[in-house]
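Please have the model open beside the text.

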Amino acid sequence: MTHELVAPSRKRRRLTKACKQTSADVDSHIRPNPEIPIKLTVGSVGRTLTQEHPRDERQGEPTPYSHTAQPLGNLEKRIAAIEERLSSLQVLAAVQAEPHYNLDKFQAHKAEMQPFINEVQNARISMKNRQTSKLQDVMPDLLSTIPPRDTCDQAVGCYLRTFEQIFRILHIPSFGGEYEEFWDNPEGSPTAFVLKLALVVALGGVFLSDRTASDEIRDLARNWTYAAQWWIMGPTERAAMNLEGVQVFCLLILTREANSLGGPAAVATESLLKLAFTIGLHLDPSTFPSLPKLQAELRRRLWVTVVEITVLTSLDSTLPLSSLVGTYNPKPPANIVDEELIAASPSVGTPHALFDGTDCSLQLLLLKSLPLRIQVVQQLNNVNHDLSYEKTLELGKSLSGHCREIAAHFEKGTGLFDSGLFHRKLLDTYMRRLILFLHRPFCLHARKDPRFFVARKICLESTLITMGYAESLNLPFGPLDDFARMSIRGSGLFKGGISSDAISALSAEIVSQVEEENGSGEPASSPITASDPLVQLSRANRQPLMRRLEHIHEQLRQILALGRPSVKQLMFTSGVLAQVKAMERGEDPRDAVIEALKESYDSNPFSLETLDWFGFDFSSPVSLQDHRRGADCDAERRNTDISSAAGRSAVDRTSLRRFEALQGNVRFITQVFGGIVS
């Protein structure tokens, strides 16, 4: 018996009779009755068209469409509210259509409210001032430390003719007006101007011919830099977020470099760069059409100065240069005289040609090489990539081209504002220093690899040119020019021809020549006969180098006698000269170096009896041998030796620290030369 699977039958679900709709009903939904008015309903979900159907008189019941009329009460209220809002908008449009009437009415209300607004603003400023620490909290006698006007006049004039011509920071006529107002009412001068004046005096004091006044200003400069740095970065930093704050910051860093205060200022320069970005100096002033011409040009000059200081301090500190420095390139400042910027008319003050001497010509001259110098500093401070020899020669050639442009600029006798030799020496030293840093790594390899002989030659040329600018340094006889005075006081680039970079490069070249003369890297490998013509020729060619190094050595001794310590440089040159002479005699230079250090320590003016810079007199100074033995003793024994050397003199803590620092320098140089000659 077979069974068949049969699908169950499906029945269509039919609507009940009460729910049936006729075709007429459906059609009525689609085609509204033209005899019944259509009403627009505005709801939360949109707009709806509805028809109100009358009741069926025959049945007395609502029509099938009566459900659309249920919420009409609420809809009517909403429509009334919307119509009221539309009417208010129409009134507003009518008011806006009458601008003159509206503006006059607004001005009347503003004039009525202005006293109240001023009162509120003054109350807010007073409250902020009470909550903010004052500058006097750090240096209450700042105004009293400003030198007399005669000294300030000389120092300000020295600054304006030296640093200001290269690093444009001030608008000279505006600063002159504020300067006169300061002497009329010192107590009423703003804090920003007082700081600017103090730092300008500190920079100009470097070039004063009166050594006593210059030393007094330098003693005050340290406190002035502390006050300026506190004002910029302390609780009042918001007050420095403007052009005056950037001006004070630039002057602060230059003061530290020119007076050797605090070492390289690369960390502070990063803050200066961020402050410049904060107030928009990196943006071209043309994007702000409402700026006066004076403000626009001042912003351009300040941005260039900020970038120049950043590149300079990065080179001295060997820290990586910020990648933001070369990103923004606003329009360069105009080569225009400062007095022409006072006029408000844009047509006044036509820019001069590049070689025309104006207040801004030297800044523009240095600006031409800025992209190249940024590239060089980035390559020098980049620890991840080695600079190829070919790239080094290419960059050095470009820098040499800029050196020729600088020489051509000053050969043309460019105007009344150039201080001549000072600016030429400073700019050329800057370029030669970069060339030296570029080729120095390959110069050291040239002693074993002759392929790098060109780098060695370029290093020697750059060093001789740089140290040649120190020939005018003739202490204690003869007058000094501006560049010599800056070299005595400054650090880094401002050290000029007596910097450690130039001294070490020249010393390495002299030692290399002596080793080549001996025929071996060992100093005493074979006896040297003075009768050998080749030896005589080599020594004759080396004499100019030796004389230059001896001149630098003597000037360092005289600088130390002035109370401006360059102890490591002096000890270094003493050891190098002794080492070279011992190698020329075919002797072991170790003993000669030690003996030279002893003589430098005991002889005048380095002996402690003649140096009142330490604050007390030494009746029986400890010899160098005692210092070397004292390095192996404990701290208590060293302090006992120092106290006995001082005798019954009043030894304060500052003098004790200075003497201990001197001991450390002597031990340092001894250890360094012990490693060199070993």
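The text below covers salt bridges, then cysteines.

This is a predicted model: local features need pLDDT of at least 70, side-chain atom pairs count only at pLDDT 80 or more, and totals for chains, interfaces and linings use all residues. Residues are numbered from 1 along each chain as its sequence is written, and side-chain values use heavy atoms, without hydrogens and water.

**Salt bridges**

A salt bridge here is a side-chain nitrogen of Lys or Arg within 4 Å of a carboxyl oxygen of Asp or Glu. The count is 29. Three of them are tabulated.

| Pair | N to O distance |
|---|---|
| Asp-482 and Arg-161 | 2.4 Å |
| Arg-433 and Asp-501 | 3.4 Å |
| Arg-542 and Glu-584 | 2.8 Å |

Helices are DSSP runs (H or I, at least four residues), numbered from the N terminus. Asp-482 sits in helix α17 and Arg-161 in helix α5, so this pair ties together parts 321 residues apart in sequence. Buried means under 20% relative accessible area, exposed over 50%, and partly exposed in between (1.4 Å probe, protein chains only). Asp-482 is buried at 11%. Arg-161 is partly exposed at 31%.

Arg-542 lies in helix α19 and Glu-584 in helix α20, so their bridge ties together parts 42 residues apart in sequence. Arg-542 and Glu-584 are both buried. Elsewhere, salt bridges with shared partners join Glu-164, Arg-168, Arg-301 and Asp-338 into one network.

**Cysteines**

A disulfide is a pair of cysteine sulfur atoms within 2.5 Å. The whole structure has 0 disulfides. Cys-158 is buried, at 8% relative accessible area. Cys-250 is buried too, at 0%.

Definitions and conventions. Helices (H or I, at least four residues) and strands (E, at least two) are DSSP runs, numbered from the N terminus.
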